[in-house]
Amino acid sequence: MEIFVLGVALLLPWAVGAVWLHALQSGSPRTPLLQPIAYGHLGGILVLTLLMRAMSAIGVRWSFMTLSLILVALLVAGIAIGSRLGHKLKSGDPRPVAHIDPFPWRWLGIMAAILLVFRMGNLAYEVLLQPIYPWDAWTQWATKAKVWSALHTMAPFIDYSQWLARQPGYVDTASHYPATVPLMQAWMSLALGRFDDALINLPWLTLCVALAAGIYAQARALRVAASWAMFITYAALSLPMLDTHVALAGYADLYVGAVFALAVMSLLRWERSREGIQLVYLVISIALLPTLKVPGVVWAATLLLGLLVAAFGRTRGRVAAITLSIAAATAVSVVALFRGKLVSVTGQAQGEVVQPLFDNLFLFDNWHLLWYVLPIALAIGWRDAIHRSRGTSATLVAGFVFLWATFALTRAGNWVADYSTVNRALLHIAPAALVFGAVLVWEWAIRREVVSPIVELPIGDQPYAAASISKPVGP
Amino acid sequence: MSAFECGVARLKAIVLGVPATDAPELPAISPVPPRAALTAWLACLLLLIASLVVTSGWHPDPGAYVTRAGRELVPGSPATVQPRVRGDVIEVAKTDNRPIVLNLGIRPFRTAGSDYVMVDTSPLPVGTELALLWIRRSDPGHVQEQVLKLDRDHVVPTLLDGNPEWRGEITSVAIGIKSPSDTPVLIGEVRLRPESPRVVLADMLRDWKYFGGWDGRSINVAFGGRDEQRIYLPPLVALAAFLVACTMGLVARRRRRRAAVAWIVIPIVASWMLLDLRWQRQLILQAGETRAAFAGKTLAERHATMENPSFFEFVEAALSQLPAKPVRIFATSDFDYFRLRAGYYLYPHNVLAFDWADPGILRSGDYLLMFAKSDVRFDESAAMLVWSDGRRLPARALVKGSGQGLYQIR
């Protein structure tokens, strides 16, 4: 019975998101399913947590049955509407198959898939058995989940002085933190009927599966061959920091990183193909990010910047104007929303920042070879990055600038010096950067192996294989 | 014909064998089977490791060569607990974190700075620390120290070439031991030897393979083996990959060809997978630890396994005394961990687990939970909580103990 309710809790919101997104896609029987499945996970989180917030706001106590019934109703509605109304948004080529493969190494895809499946099993084992362990997970995230699931509503979390003044509400070490992650944990707890601080973290595992599905699906849709797409997926999911955040689940950083990576992939796809459905994916991700963690506001802003640059940034002047506008709007929003938090990081870091940063990027195995390979990928793919992926590049550059400014110009640099937050912050951008870099390498390889180096690839989704070439090229 | 059309024509020529009349001439790509690139990368990596091992492990000057059986070690003074000799070994009991010093009784010798030390011991209790201590003739007033490397519960060879103080003439050498456990440590033998390439290689491999299990730092950093290493694996494999790519690029250029992408991509992929296989091994070992600790246990039993037993027992007892309806609780301890962790267990009670100091904020009906708290005691006769600065609050004891308890303010 417990396995059944856990299955329902994990899959029902996911199914709602997937069905609605699939409904918006082309109804062609050859429409790839993996994309709505991947992004449906994010959509499901958004729908479920909005529902829980709405019920709390109107004073209705949650119950697993009520929430499930509403989700089932949404699921049925999604199926019905999808079958009648669908096919509204352009969803691209239903056959996203690469005909040219500069890396025709089937063994690579097979090996990556095997390692990936093994990794997921390994991580699942940890999530299932290990009670909540890392510090912030039980001082500022699961605290809220425990209270809300016990009270069946979102009791307010207030700050220390308000609590001492006997105002109604609870307090923990980060009362102002966004609610989506603890709401997911509370949902799992409602399903179980008890607070099991190992099983409430299962959504971290399903998020990982959704991330893998999304990366693979989007890479394939970008006409990356199956073996390289699988390798990219494996590479992203093999990052030790990412894996650790699944195994020792309970922090919101994995959510931010996964959502941002999926958003960047959809932005990249939209830039190339202008498919409406990619905009829907992007909007869901942008909406979700600020509800996950405080820096999510900035990550959402970087995506918005990328979107605007992709849509309107045809000249340098326009790109500069868009960047300045978004930066100003973000700065104002962040100051208005998180003034207290900003005060705590204003100032200069006390310790050395550069050496610890170097250690964490290049010496330790936090990221395998990501930070060695990324500059190479950018060096060989910079033309594509600038001309064909201007918006995505703008998003990632803005993301790195944000991280640099945070650590170099504020007291948050101390968290680099003591190895505490630096990798968690990088986790927000690392999967996205990896996937983007790997796509650039792929496109560079095609250009190098097949097409004359002097030929510019056309903008848009017109592939390299104008001729229908079915035979792989390569040694 | 546009450039794009030229490209398409060229592409047709390559793939379909269709003649490309106006296609521009491209430099030929030297085809390369992935195996060749993989072999080149592997050879390069092994060469790099070999050169590192030989350059740092081969020394013409003889260094230290000392062997002492446990029974030959001389306890230094002052020692709170005197070690005892049992047969060939020497037994060191609990030291309460005050170091016991065991002198090797050597003749002075000169070292080139590249020796290693190995101590054979019984399995070490958790928290035990061993160090090599020595005095140089040029600096007789200072005892130098090198903490010895451990792999879980046993000592492994510690190379001294990383310690700048291990140089010149050494006049005295000893082993220092700190052990918080009641389980005695048995020392069988201490050896000081000159480093060799084999020892250096073994040390590097041990560092790379080191498995420490999850700890408080794991969520923030993955060292990839031991925290401090002679050389970390990621830069080494990256260097091997880049050397292969650059070499083949240069060779191709000299032959007026373009190097195939395999020369760049395969070494990077192989490097990535090598690092990941090591990480996978760590995860498998971790799964074994997790299984041993938690499999087949209830959630409460798993928490009891994770926690300090007396703390968890106390929290369980406190929870059993609290009403079902959430109440207002102030949690406190001298230690952040216990205060916050107690707070976590107490939710959904309305708990304040910050470090607050003023008892004046407590009101009648509030609860106070304290664990490992030194400056508050409960005066049973007066039914009062008494702070070390003399402030007092009337209270009812629900759970009580030394430095800990659950109280309701009256």
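**View 1. Strand 14 of chain B meets strand 1.** In this predicted model, Arg68(B) has Val190(B) in strand 14 of chain B as its bridge partner. Take a step back and you can follow strand 1 (residues 66-69) alongside strand 14 (residues 185-194), the two running antiparallel and joined by 4 bridges.

View 2. Look for Ile90(B), whose bridge partner in strand 14 is Ile187(B). Here strand 4 (residues 89-92) is antiparallel to strand 14, with 3 bridges between them. Now find Asp120(B), which is partnered with Glu189(B) of strand 14. Strand 7 (residues 115-121) and strand 14 pair over 7 bridges, again in the antiparallel sense. As you trace any regular strand, remember that its side chains alternate between the two faces of the sheet.

**View 3. The domains of chain B.** Chain B is split into domain 1 (1-30), domain 2 (32-58 + 198-295), domain 3 (66-195) and domain 4 (305-409). Between the C-alpha centres of domain 2 and domain 4 of chain B the distance is 51 Å.

**View 4. The largest nonpolar core.** Which residues touch the most other members of this core? They are Val259(A), Ala261(A) and Val435(A), out of 225 residues in the core. Domain 2 and domain 4 of chain B both contribute residues to this core, so it lies between them. A second, separate core has 31 residues, including Ile100(B), Tyr116(B), Leu192(B) and Met204(B).

**View 5. Around Ala261(A).** Leaving aside residues up to four places away in sequence, Ala261(A) touches Leu211(A), Ile215(A), Ala236(A), Pro431(A), Ala432(A) and Val435(A).

Note on methods. Residues are numbered from 1 along each chain as its sequence is written. Chains are lettered from A and ligands numbered from 1 in the order in which they are written. This is a predicted model: local features need pLDDT of at least 70, side-chain atom pairs count only at pLDDT 80 or more; totals for chains, interfaces and linings use all residues. Domain bounds come from an automatic or database domain assignment. Two strands pair if DSSP finds at least two bridges between them. A nonpolar core is a set of buried Ala, Val, Leu, Ile, Met, Phe, Trp, Tyr and Cys residues joined through C-beta atoms within 7 Å. A residue is buried if 20 or more other C-beta atoms lie within 10 Å of its own, exposed if 12 or fewer, and partly exposed in between; C-beta atoms are placed from the backbone. Two residues are in contact if their C-beta atoms, placed from the backbone, lie within 7 Å.
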